[in-house]
Amino acid sequence: MRGTVRKIALPRRLVADLMHASMRVPFVSLARPLNISTLIEARAQAAQRPGWAATFVKAFALVAKEEPILRTLYVKWPMPAFYELPRSVAMVAIARVEDGQDCVLPQKVAAPDELPLAEVDALIRHAKEAPIKDVPAFRKILRTTRLPLPLRRLFWAIGLNFGRQRANYFGSFGVTSVAAYGAGQLHALSPGPFVLSYGVEKPDQTIDVVLRWDHRVTVNTDFAGVVAG
């Protein structure tokens, strides 16, 4: 059957690279509802209500400050090892429409536990609304995405397998959501080691949360209870 060849836009090429890097990560996951009644009251009193993405980014980083396992990466070079970071780096999935196409780009938030919640929220809002060229994290990753496939694979391999570079390019945890599209659980793929996704706020003041983690980094689910509890 004769079809039409369409060029893969740059942001969509990034998604393809991300899926390639994620497909061999041995993820396990935990899904549970969280009672957010206290958070709802606190947000209602804020002059500008922070988004749920910023709230979860800040909360995860605060727990990770006390739980080093949540700041630990699995790296392969120069030999397989665990690499514990001194602070968390969040990568927040930002849904955008560019050139008429849906795409997802990662916004980096370094040390969110040390930032005011309003500042974390402002960084995420800026990534949603500003032109791509005005978001440093977008420019950085798309610059690599413009390279030919063999060079992209090399850059991704270096970025993923050296601990220091892994934190700079891919962070220590990710946050994503499909809440804007209605209820549902998202079991997202990522190079890891931790990915948190959340759903919509329900009438009973709960919100569904899915936490996925690289089983090589931790085999213990107790920490998931700490995060989700």
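Q: Leaving aside its neighbours within four places in sequence, which residues is Phe56 in contact with?
A: This is a predicted model, where local features need pLDDT of at least 70, side-chain atom pairs count only at pLDDT 80 or more, and totals for chains, interfaces and linings use all residues. Residues are numbered from 1 along each chain as its sequence is written, and side-chain values use heavy atoms, without hydrogens or water. Contact means heavy atoms within 4.5 Å. On that basis, the partners of Phe56 are Leu34, Val175, Leu196, Tyr198, Ile207 and Val209.

Q: Is Phe56 buried or exposed?
A: Buried means under 20% relative accessible area, exposed over 50%, and partly exposed in between (1.4 Å probe, protein chains only). Phe56 has 9% relative accessibility, so Phe56 counts as buried.

Q: How are the rings of Phe60 and Phe173 arranged?
A: Rings of Phe, Tyr and Trp (its six-membered ring) pair if their centres lie within 6.5 Å; planes under 30 degrees apart are stacked, over 60 edge-to-face, the rest tilted. Here the centres are 4.3 Å apart and the planes are at 25°, so the pair is stacked.

Q: How far apart in sequence are the parts that Phe60 and Phe173 tie together?
A: Helices (H or I, at least four residues) and strands (E, at least two) are DSSP runs, numbered from the N terminus. Phe60 lies in helix 3 and Phe173 in strand 6 (residues 173-177), so the pair joins parts separated by 113 residues.

Q: Which residues do ring pairs link into a cluster with Trp52?
A: Trp52 is buried, at 13% relative accessible area. The ring pairs link Trp52 with Phe56 and Tyr198.
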